[in-house]
Amino acid sequence: MFAAFIRKYTFISATVPILTSFAFRPIAYRRFLSQKSSKWLPWEDTLLRNFVEHNGKKWNEFVQHCLPTRTANQCQLRWTDVLDPSLKQGPFSKAEKDLLQQGIDALGKGNWAAISREYLPYRSPRRIANEWSSKSSLTEAAAEATADRTRTFTSRKWTAKEDELVLKGIADFGQSSWAKIASEYLPWRTRVQIRNHYRSKLDPSIIKEKWTEHELDLLLRRTIAFGQDWNKVAEGIRGRTPEQCSQVWLSELDPGMNKGPWSEEETRLFWERVHQCGGNFVQVAEGLPGRNRLICFRKFWSTVRHDKEFALLYGDQIKKDKTENGPAWRARVGKIVCEWLVRGNTVRKTSNHSLESHQPGSWSKEELSKLELVVAKQLEKKEVLDQSDWKKISKQFTARDARQCKYQYEEHLSVKNLKKGAWTEEEDKLLARLVAEHGTSDWDKIVKSLPNRNKRQCGYRWHRVLQFAQPQTQIPKNKRLSDAEKALIRQGVEMFGHNWTAIRMTYLPDRTPEQIMQWWNTQRNNHQDVKRRVWTEDEDKTLKFAVAKYEDEYGYIASWADVAKMVQGRSSKQCRTRWLYSLQPNATKGAWTYDEEMQLLEVVQKSKMKKLKAGESIWPLVAKELNTGRSDWACRSKYDYMQRKGHRFAF
């Protein structure tokens, strides 16, 4: 019966004698055969590492007591080539490749131990030999000496002539002699390049077309059966390489794959793991459920290559150093991105429409101390600092621009014992005299003569108060605006928006900015003066753009006045109302249900019992605890309405 089975399945008959003869071989010979081609497993590496750490390099004892399936020579080579903590792992950096070339030139090819000892002490001789054998047999200097000076090593696309040389080499030496083909026909290409190019482009037995449904189904079933052993998986899929199987599985078929957008938590965890795992995407993906190494690879390069904001902020810092290999560089980039995410650095447009880095938020004590030292050194060279000097100073700070540095210095550091609060009559007289003497274009001279006050305080005091108190520019306080003045204000708003100082200087020099702003805000609510306008589609788009620009990561708008400046003809109150009631995404609109009303009353009563800071409103807390998609304005308006209607629980 067994013989009939063998005759039916002829492919087994060739293996049966081998298995039968193997069973009767001596134990030492069987162990030799099992050791001949077996790969080291992770648990074997851990066992060897722990033994050496506690007992030293006693290879015979280790083999005898811990790992009898390995020889002493294998264990020694594994330690000296891979596991020794003093060795550097991963690909060679550019500086190491240059040192390797110097060692070859000085000591000759084959003296790997001497090259390791004198030039590359952190690389094993075997690793150095493997690196040299993977290089092209034509050095860069030799390539420049050839007639074809346009040849490069890795970046140049393959030409039709090179394809012909590859096919000719395979016809002469076969598909396993890639090093021989490289030395004879393509010395400017490495054996790995030639092999990969042939298998992906030139091999006639490899299918390059799109995968069929039958092939995808077969790939799924074989991957379930054999795991991610792609050599084994590819054996049963005709015309497909292990690389193709791996690529299709990771990009299309993996059932646990998450192709959705990355959340903020995932993004932060991803970059932390890139830094912690040394830039190894396989290890990075192990800590990110649903994200495989291919997705992690694409996430990394999408930020490094295509994120313009990141490139502007850290373009110089992410350049690879000569001493870094790929994984070490990726780990350093991961650390930089983690710092970027924590700091919250952004990019904004300057007045000349160029882009500059900007880090919002208050300055730390360390930053202010550093700024004081840097400015002091700059002042030793020049008595007065101009814009170019502040740009040089800002380069000493990550994501702080020249305007921030100048403002922080003038506001906090330029004046010792800065005085705050009301101005005295003597200070007002002195400031008025200094402005009459020096004018308003040189506040540096004025500040030197006015102790304990900075430039911002002096300029604010003059432009807001003292200039209107002078006899020649006396402003009437109780005089109503004429129709002509009102028309000029409307023209000014169309021209400058809500920049009241610019409107006053251009159209109404006899009025204060406060008077102009007060009239404008009052007349907006006067139906007889200006009718309410329906929001247009263009205004809604502009408002959405403005909100996206000024909202923080929690969706909070710090200043609706800044938003209103971008929406011409609309006040900050109108913009806020329009956004909260009509345009805000995920906001619940329409009539309130009875359950919502009862829940609102309960939450308001609880919130009123909490201790809040002076000036803090309860309504953001109410909307957050209510958690029905209603805005804080909607909650407040509904509660006020219930009070006006005399609801018995709304008090």
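**Close-up 1. The second largest cavity of the predicted model.** The volume here is about 40 Å³. Seen around the second largest cavity are D81, L87, K88, Q89, R123, S124 and R127. Across the whole structure, a search finds two cavities of 30 Å³ or more.

**Close-up 2. The second largest pocket and its centre.** This pocket has a volume of about 1200 Å³. Its lining is made up of 33 residues. Nearest the centre lie Y556, L580, Q584, P620 and D632.

**Close-up 3. Helices and residue classes in the lining of the second largest pocket.** Three elements are shown: α34 (572-583), α36 (619-626) and α37 (632-644). Each of them supplies at least two residues of the lining. By class, the lining of the second largest pocket holds 15 nonpolar residues, 10 polar ones and eight charged ones.

**Close-up 4. Two cysteines, C338 and C575.** Are these residues buried or exposed? C338 has a relative accessible area of 17%. Buried means under 20%, so C338 counts as buried. C575 has a relative accessible area of 0%, so C575 is buried too under that cut-off. As for disulfides, a search of the whole structure finds zero.

Methods. Residues numbered from 1 in each chain as written. Predicted model: local features only at pLDDT ≥ 70, side-chain atom pairs only at ≥ 80, totals over all residues. Heavy atoms only, no water. 1 Å grid on protein atoms, 1.4 Å probe; cavity = no way out; pocket = protein on both sides within 12 Å on 5 of 7 lines; lining within 4 Å. Points joined across faces, edges and corners; volume = space filled by probe spheres on them. Helix = DSSP H or I, 4+ residues; strand = E, 2+ residues; numbered from the N terminus. Nonpolar A, V, L, I, M, F, W, Y, C, P; charged D, E, K, R; others polar. Disulfide = S-S within 2.5 Å. Buried < 20%, exposed > 50% of the residue type's maximum accessible area, 1.4 Å probe, protein only.
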